Amino acid sequence: MSRRLIAIDWGTSNFRAFLVDLDSGECVDSVRSDAGLKSLSTDEFPHYCEAQVGAWRKGGEVPVYLSGMVGSARGWSEAPQLEVPRSATDLADNVVAAPGLDNAWIVPGLKVVREDHVDVMRGEEIQAFGALALLGLSAGVCCLPGTHSKWARLEGERLIDFSTVMTGELYHAVRFHTLPGEPARGSDAHDADGFAQGLAAADHPAGLMHALFEGRSRHLYAGLGAHQVGSFLSGVLIGAEVLAQREHLLNHQGAVVLVGSSSLNPLYRQALERQGIRVEEVDSDKATLAGLVALAERHRAA
């Protein structure tokens, strides 16, 4: 039996593959590309995957585990979304064989279906389980920043609830398709003062819709430079996201576990600490690896 596996996080916009040594838990090699779901047809998935990781597979001996939107109806093959609460073992028990590629398995996602809350996730559940495992925790609150940020609550090694916030997608829409975002069309550089002004504006009693428009009015009359507008809008949206979760965090005694990239984690840390919330950070790649390795071990032991 091979003591290596291939862990793949395949989303709407990107592909990340890692060759992992199971004995050490270390990543031996990795491949990344922009070939997300949007760029492939259904019958192309097995061929693209084999082209990227075939050299690692030793004729199919090394197993492949895939998480993310690759398991959606728009992806390679649909894997179920299990209703919470669920454990990592539950995910392992419900993996789906990837059609067209031997010894390859697609990990299911999770869903919340209640009268007052309906939500779905694919991929972030693996990162949440992996992040807590890396920290030696069986319970906690994870914030997973991104295009569609996720806030997940785990207890007793089960993910029991989560919510999705369209922060990243809304930021792009406001910046590139609204009047307040007009001065920010051409600059990606982060501006610390603009971001801090946005975090403060998120507290405005008139709410998020007004705070976003202040990107326009502050640019006209309060000295907010064109190069600062994008960071201001980011501060408003991230600040509003954290404020929306604050009520749920009041009874949480531990730190919020941030599972994200080196670019997003500092922004979320600043927003959380501004509200008096402690933070621990875990790199998203490391969380994905830890989660998929643990799931694969459970699946192969079954």
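Visitor: What is the angle at which helix H6 and helix H7 pack?
Guide: This is a predicted model, in which local features need pLDDT of at least 70 and side-chain atom pairs count only at pLDDT 80 or more, while totals for chains, interfaces and linings use all residues. Residues are numbered from 1 along each chain as its sequence is written, and side-chain values use heavy atoms, with hydrogens and water left out. Helices (H or I, at least four residues) and strands (E, at least two) are DSSP runs numbered from the N terminus; axes are lines fitted to C-alpha atoms, for helices over the stretch in contact, and angles run from 0 to 180 degrees between N-to-C directions. Helix H6 (residues 208-221) and helix H7 (residues 226-249) have their axes 10 Å apart, and they pack at an angle of about 165 degrees.

Visitor: Are H6 and H7 roughly parallel or roughly antiparallel?
Guide: Angles under 35 degrees count as roughly parallel, over 145 as roughly antiparallel, 65 to 115 as roughly perpendicular and the rest as oblique. The angle between H6 and H7 is about 165 degrees. The two helices are therefore roughly antiparallel.

Visitor: Is the crossing of H6 and H7 left-handed or right-handed?
Guide: A crossing is left-handed if the near helix is turned anticlockwise from the far one by less than a right angle, and right-handed if clockwise. For H6 and H7 the crossing is right-handed.

Visitor: How many nonpolar residues are in the contact of H6 with H7?
Guide: Contact means heavy atoms within 4.5 Å, and here the residues include Leu208, Ala211 and Leu212 of H6 and Val229, Phe232 and Leu233 of H7. Ala, Val, Leu, Ile, Met, Phe, Trp, Tyr, Cys and Pro count as nonpolar, Asp, Glu, Lys and Arg as charged, and the others, Gly among them, as polar. Alongside two polar and two charged residues, the nonpolar ones number ten.

Visitor: How many polar residues are in the contact of H5 with H7?
Guide: Helix H5 (residues 192-201) and H7 have their axes 6 Å apart at an angle of about 35 degrees, and the crossing is right-handed. Among the residues that meet are Gly194, Gln197 and Gly198 in H5 and Ser231, Ser234 and Gly235 in H7. Besides six nonpolar and one charged, the polar count is eight.

Visitor: Which residues of H4 make the contact with H7?
Guide: The axes of helix H4 (residues 167-177) and H7 come within 10 Å and cross at roughly 145 degrees, in a right-handed crossing. On the H7 side the contact is made by Gly230, Leu233, Ser234, Leu237, Ile238 and Glu241, and on the H4 side by Thr167, Leu170, Tyr171, Val174 and Arg175.

Visitor: Is the pair of Trp10 and Tyr48 stacked, edge-to-face or tilted?
Guide: Rings of Phe, Tyr and Trp (its six-membered ring) pair if their centres lie within 6.5 Å; planes under 30 degrees apart count as stacked, over 60 as edge-to-face and the rest as tilted. The count by this rule is six aromatic pairs. With centres 5.9 Å apart and planes at 40 degrees, the pair of Trp10 and Tyr48 is tilted.

Visitor: Which residues does the cis peptide bond join?
Guide: Most residues other than glycine have a negative phi, and most peptide bonds are trans. Lys58, not a glycine, has a positive phi of about 50 degrees. The cis bond has an omega of about 5 degrees and joins Val84 and Pro85.
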